[in-house]
Amino acid sequence: MPWLAPQTDTVIRGLAERGRKNVLLVPIAFTSDHIETLFELDIEYAHELGRSVGMKQVRRAKSLNDSPFFTKALAEIVADHLQSDRKATTQLQLRCPLCVNPVCGKMRDFFLQTKEEKNG
């Protein structure tokens, strides 16, 4: 299965070719700092690639990490779910596009059946 495109380095190069000098990277899929944000984005893209293509500044938006606002929002989502009669979020039943991994389906079935059996 192909990875999402375009790749970050391709976009940075393309923006530089169009005369952009400042870029803010916003890794929406990552809620906390880890090796990909700290090394790949901050060092490889922001520092090394940015410099090599003539960017003035390539920076990354701060991760949510342990932000009180973020942790409160997560706690509210969990509390709302525990107080509901839903066995699982409707999103749990969804599979990634083109996913053929049998483990994903088995995991979803397990959690959906487990909640049903407890409530049954």
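Biologist: Hi! What does buried mean here, and what do exposed and partly exposed mean?

Modeller: Buried means under 20% relative accessible area, exposed means over 50%, and partly exposed is in between, with a 1.4 Å probe and protein chains only. This is a predicted model, where local features need pLDDT of at least 70, side-chain atom pairs count only at pLDDT 80 or more, and totals for chains, interfaces and linings use all residues. Residues are numbered from 1 along each chain as its sequence is written, and side-chain values use heavy atoms, leaving out hydrogens and water.

Biologist: Thanks! Is Arg 60 buried or exposed?

Modeller: Arg 60 counts as buried, at 18% relative accessibility.

Biologist: And which residue does Asp 42 form a salt bridge with?

Modeller: Asp 42 pairs with Arg 60, and their closest N and O atoms are 2.7 Å apart. A salt bridge here is a side-chain nitrogen of Lys or Arg within 4 Å of a carboxyl oxygen of Asp or Glu.

Biologist: Where do those two lie?

Modeller: Asp 42 is in helix H2 and Arg 60 in strand S2, so the pair ties together parts 18 residues apart in sequence. Helices (H or I, at least four residues) and strands (E, at least two) are DSSP runs, numbered from the N terminus.

Biologist: New topic: what about Lys 72?

Modeller: Lys 72 forms a salt bridge with Glu 76, with 3.4 Å between the closest N and O atoms. Both lie in helix H3 (residues 68-83), four residues apart, about one turn of the helix. Lys 72 is exposed at 54%, while Glu 76 is partly exposed at 40%.
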